[in-house]
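Visitor: Please take a close look at one part of this model for me. I would like to hear about the aromatic rings and how they pair.

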Amino acid sequence: MVITAGTIYGYMLYKDVMAPNTSFTKSEVAVFIPTGASFTDVEALVKPYVTDMDRFETTAEKKKYPENVKAGKFILTKDMSSNDIINALRQPVTIDIAFNNQETLQRAVGRIAQQIEPDSLQLLKAFTDKAFLDENGFTEDNVLSIFIPNTYEFYWNTTATKVRDKLIKEYRRFWTPDRLAKAEALGLTPLQVSALAAIVHKETVKTDERPRVAGVYLNRLNKGMKLEADPTVIYSIKKQTGDFDQVIKRVLYKDLIIDSPYNTYKYAGLPPGPIAMPDITALDAVLNPEKHNYIYFCASVTNFGYHEFAVTPAQHEVNRQKYVAWVNKMGIKR
């Protein structure tokens, strides 16, 4: 009788704790538990993936989980037992956050907010905190420079402040003594490099051409010429209208007089901050520019994606007319 009772008890214990208790057919599912969640909240979150909630609750109580709920992203795998599920809910996993090609701080933090718990307003507040900006030498115009496009590892429930602090740490790591020395040799600060790199990034998607484009703009700066970069005009239009979704394929003469500090046809020097988030190839193109005498360049109509470069205004005008003719032929009005 004792053996029989023990056997029954052992079976029931196994059934409650160790037998498979998942209801999904995928190999794994992710559960996101928000900061401050209660055990009741957790139950609601895992219910769609658990076959027998009574068994789950019994096991959770035995393992004292209700008093020790953790926030974060957790992975449940197919055929986990109740015991396995509780163990998994105690081990938050990291996620890889990626962002690139964002044109504003608002869009950058919005992209990050899609991947972690803090919302875009919390992130925006962290990155525009006056004490933070002052301490690190940034302004709201150039703080986008912090965002070096890459893949970063975070816990899902990382706070907005910790996200900011990690990105500034990675920004400082990017600016090695070698890169700082190259910027200084060009007469530029890291923030100025970022501002110019953003223009280079927007001018060409061809990474092998970026050092040549960077060389053109550096030549113009050294000669005291205006940069006259079309991407800065496009950015000025978007910023003034507040519409960063619009697609502008053609810059018109009337656009060149837009009164914006970002319009490099109207104002000399670099814009107040980056007009987009330059990637590492664009940053390094500015730091390692091609040495040449080119002052002008225009989109090529024979080698699409690349540009035709010129030393003199006359040479440039020939290239420009070819491009204008092609644009008109294609019927591109805007």
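Guide: A residue is called buried when its relative accessible area is under 20%, exposed when it is over 50%, and partly exposed in between, using a 1.4 Å probe and protein chains only. This is a predicted model: local features need pLDDT of at least 70, side-chain atom pairs count only at pLDDT 80 or more, and totals for chains, interfaces and linings use all residues. Residues are numbered from 1 along each chain as its sequence is written, and side-chain values use heavy atoms, with hydrogens and water left out.

Now the rings. A pair of aromatic rings is described by the distance of the centres and the angle of the planes. Here, rings of Phe, Tyr and Trp (its six-membered ring) pair if their centres lie within 6.5 Å; planes under 30 degrees apart count as stacked, over 60 as edge-to-face and the rest as tilted. Searching the whole structure gives 16 aromatic pairs. One of them joins Phe 127 and Phe 147, whose ring centres are 4.9 Å apart with the planes at 35°, so this pair is tilted. The pair links distant parts of the chain, 20 residues apart: Phe 127 is in helix H6 (residues 120-127), while Phe 147 is in the loop between helix H7 (130-136) and strand S4 (151-155). Helices (H or I, at least four residues) and strands (E, at least two) are DSSP runs, numbered from the N terminus. Phe 127 counts as buried because its relative accessibility is 0%, and Phe 147 counts as buried because its value is 1%.

Phe 138 and Tyr 171 are edge-to-face, with 5.5 Å from centre to centre and 65° between the planes. Phe 138 lies in the loop between H7 and S4 and Tyr 171 in helix H8 (residues 160-174), so the pair ties together parts that are 33 residues apart in sequence. Phe 138 and Tyr 171 are both buried.

Phe 127 and Phe 147 also belong to one aromatic cluster, together with Phe 99 and Tyr 152.

Some rings have a charge over them. That term applies if NZ of Lys or CZ of Arg is within 6 Å of the ring centre and within 35 degrees of the ring normal. Lys 166 lies over the face of Phe 154, 4.9 Å from the ring centre. Over the ring of Phe 174 sits the charged end of Arg 179, at 3.9 Å from the centre.
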